[in-house]
Amino acid sequence: MNRLAVVVPAHDEQASLPACLASVLDSLRRLPVRAEVIVVADDCRDATAAVARRLGAVVVTVRARNVGRARAAGMAHALRHGPQDLWLATTDADSRVPRRWGGWHLRHGRAGTDLLVGTVRVHDWAPRSEQVRTRFETRYRQGLTDTGHRHVHGANLGCAATAYERLGGFADLRHGEDHDLVDRGRRRALRVVADATCPVRTSARRRSRAPHGFARYLDALDDRPPVVGGRA
């Protein structure tokens, strides 16, 4: 692997994007490969695209309101020069990756991993109750195993570009596009590695950008009604 591309889908994320991109760029800064960050501005009514460009990302614009299609558009742009020696990674605009994240992806790619499935940690529980935090952390620990884990998150996912093309890429799904890609990889007997050693910090916000996304999962752990309306 001598190329790495990180795709970040974003719908009205001007507030969250600076911290996300700062962490991604910091994780790529010292890598001995060519790297780029691609923000997919999906039907944005705020300054998401301008913020991304100012911070050094390539911007792809779509009007899909569909996270599967947005991730796929970013991957297609990353693949414009072909799949050879290219590793594709993706995270979410409300997430922050650790400094070693880029190198972690690259090492897996060079070791022959086809699909890399990472974990997450919530970096700020303030929007949620203590009950939600306790329930989430208990269930999350139950998904950790001696050899890896059973979780899948678009906020911490990577793929060899050749394997991505073999699988037909992200499906046109409004949610669950990450699970769908990993499930297809496992059915095709690709080398899918679930590694819990490099978690990404993500948000516990109460307004979900995608139906049945992470925020809605946390809603289901709460006895209080979820926030509705606004820019969900």
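Ala171 is placed in the loop between helix H6 (161-167) and helix H7 (177-187); helices (H or I, at least four residues) and strands (E, at least two) are DSSP runs numbered from the N terminus. Residues are numbered from 1 along each chain as its sequence is written. The model is predicted: local features need pLDDT of at least 70, side-chain atom pairs count only at pLDDT 80 or more, and totals for chains, interfaces and linings use all residues, while side-chain values use heavy atoms, with hydrogens and water left out.

With a relative accessible area of 23%, Ala171 is partly exposed, a class lying between buried (under 20%) and exposed (over 50%; 1.4 Å probe, protein chains only). Beyond its neighbours within four places in sequence, Ala171 is in contact with Gly68, Arg69, Glu177, Asp180 and Arg184, contact meaning heavy atoms within 4.5 Å. The C-alpha atoms of Ala171 and Gly109 are 22 Å apart, at a sequence separation of 62 residues.

The largest cavity is lined by Met75, Leu88, Ala89, Thr90, Leu157, Gly158, Cys159, Tyr164, Phe170 and Leu181. Strand E4 (86-90) and strand E7 (157-160) are the elements that give two or more residues to this lining. On a 1 Å grid over the protein atoms alone, a cavity is a set of points where a 1.4 Å probe fits but cannot get out, and lining residues have an atom within 4 Å of a point.

The mean pLDDT (the predictor's confidence in each residue, from 0 to 100) of the protein is 92, and 92% of its residues reach 70 or more. Over residues 226-232, however, the pLDDT is below 50.

Key:
On a 1 Å grid over the protein atoms alone, a cavity is a set of points where a 1.4 Å probe fits but cannot get out, and a pocket is an open set with protein on both sides within 12 Å along at least five of seven lines; lining residues have an atom within 4 Å of a point.
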